[in-house]
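Open the model in your viewer and keep the selection panel at hand. The stops below say what to select next and what is there.

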Amino acid sequence: MVRYRTTETTFSAASTDQIVCVSGMRVFSLCEHHLLPMWCDVAIGYIPSDKVLGFSKFARITHQFTHHLQIQERLGQQIADEVSRITGTNHVAVIIKGEHLCMSARGIRTPGVMASSVMRGSFRTDRDLRAEFMQMIQP
């Protein structure tokens, strides 16, 4: 896996008790099972330790993993791993909602949105924190 140097931009954190999140990022990839397109809306949240990630880096990290044959569940894990690696925190949450043309354009031919989540650190153990994140990413 080639890591794009441009995803490494971080800044000193002003606070370590807040959720930082970005939502509404729409990305496209190819399903590794059927070689058909899928689109995914991605939301990422984390609690900084001593570094915050540059705003555009969320999209760069996400795109880095969508440029390969992909499954949605792995995509969420890869994004969480990379955000955690770069920022040095294990408090990371990723929500992905996607439509897969392998379902809507072939086979059963019924559109549907699949949702998957990765919750790590406090997002996994603290119900109130998880609820706050979920509220923040609502349109």
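**Stop 1: H100**

Select H100, which is buried, with a relative accessible area of 14% (buried means under 20% relative accessible area, exposed over 50%, partly exposed in between, with a 1.4 Å probe and protein chains only). H100 is part of strand 6. Apart from neighbours within four places in sequence, H100 is in contact with P37, M38, Q72 and M114 (contact means heavy atoms within 4.5 Å). Helices (H or I, at least four residues) and strands (E, at least two) are DSSP runs, numbered from the N terminus.

**What kind of model this is**

This is a predicted model, in which local features need pLDDT of at least 70 and side-chain atom pairs count only at pLDDT 80 or more, while totals for chains, interfaces and linings use all residues. Residues are numbered from 1 along each chain as its sequence is written, and side-chain values use heavy atoms, with hydrogens and water left out.

Colour by pLDDT, the predictor's confidence in each residue, from 0 to 100. The protein averages 90, and 88% of the residues score at least 70. Confidence is lowest in strand 1 (residues 10–12), with a mean of 62, and highest in helix 4 (residues 122–125), at 98. Where pLDDT is low, the predicted coordinates should not be read in detail.

**Stop 2**

Switch to cartoon and find the open sheet of 5 strands, ordered 5-2-3-6-7 with mixed pairing (two strands pair if DSSP finds at least two bridges between them). Its edge strands are strand 5 (69–70) and strand 7 (113–119), each of which pairs on one side only. Strand 6 (residues 92–100) and strand 7 run antiparallel and are joined by 7 bridges.

**Stop 3: aromatic pairs**

How many aromatic pairs does the structure hold? There are 2. Rings of Phe, Tyr and Trp (its six-membered ring) pair if their centres lie within 6.5 Å; planes under 30 degrees apart count as stacked, over 60 as edge-to-face and the rest as tilted.

Show the side chains of Y46 and F58: the ring centres are 6.0 Å apart and the planes at 40 degrees, so this pair is tilted. Y46 lies in strand 3 and F58 in helix 1, so the pair ties together parts 12 residues apart in sequence. Y46 is buried at 0% relative accessibility, and F58 is buried at 1%.

Then show F123 and F133, whose ring centres are 5.6 Å apart with planes at 70 degrees, so this pair is edge-to-face. F123 lies in helix 4 and F133 in helix 5 (residues 127–136), so the pair ties together parts 10 residues apart in sequence. F123 is buried at 0% relative accessibility, and F133 is buried at 0%.

**Stop 4: two loop residues**

Select L35, in the loop between strand 2 and strand 3. L35 has a positive phi of about 55 degrees although it is not a glycine, and it is exposed at 54% relative accessibility.

Finish at R109, in the loop between helix 3 (101–104) and strand 7. R109 is not a glycine, yet has a positive phi of about 50 degrees; R109 is exposed, at 61% relative accessibility.
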